[in-house]
Amino acid sequence: MRREEIWSISIARITAFFDIQQDITKTTAGYQYQDCRITLTALPSKGTARFAVPRTQVVFEGSDEAVSAIYHRFLIQFLTAGG
C-alpha cells in the first residue's frame, strides 16, 4: 500500500513526532515502522511572506496493516494541526 499526502505542517514538527516514537527507526531515507517506509519532503510554503503556510509531503509505503497502523497514529496526532 502507498499513501501520499501533503500536510500544512512543518517538516520539523512531523520529524519531532516520528523521532519520539519508540517503535519507529530513523533511516537515511526517512523512517521505518515494521515494513512501512515513511519519507518526508519539505515543499515550498504557500501564501504570502506574512502568512506563509508550511507544507510537507508525507509518504507511507508498505503492507496494508503497517501503513494503516502508523498512519492512524500520525492522523490522530495532526488531525487538527494542533498536535
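Select Tyr 31, which stands opposite Ile 38 in β4. This is a predicted model, in which local features need pLDDT of at least 70, side-chain atom pairs count only at pLDDT 80 or more, and totals for chains, interfaces and linings use all residues. Residues are numbered from 1 along each chain as its sequence is written, and side-chain values use heavy atoms, with hydrogens and water left out.

Next, display strand β3 (residues 30-33) with β4: the two pair in the antiparallel sense over three bridges. Strands (E, at least two residues) and helices (H or I, at least four) are DSSP runs numbered from the N terminus; two strands pair if DSSP finds at least two bridges between them.

Widen the view to the open sheet of five strands, ordered β1-β5-β4-β3-β2 with antiparallel pairing. Its edge strands, β1 and β2 (25-27), each pair on one side only.

Proceed to strand β4 (residues 36-46), which pairs with β5 in the antiparallel sense over eight bridges. In their hairpin, with six residues between the strands, select Gly 47, which takes a positive phi near 110°.

Finally, select Gln 57 in strand β5 (residues 53-61), opposite Thr 41. Gln 57 is buried, with a relative accessible area of 19% (buried means under 20%, with a 1.4 Å probe and protein chains only).

Notes:
Buried means under 20% relative accessible area, exposed over 50%, partly exposed in between (1.4 Å probe, protein chains only).
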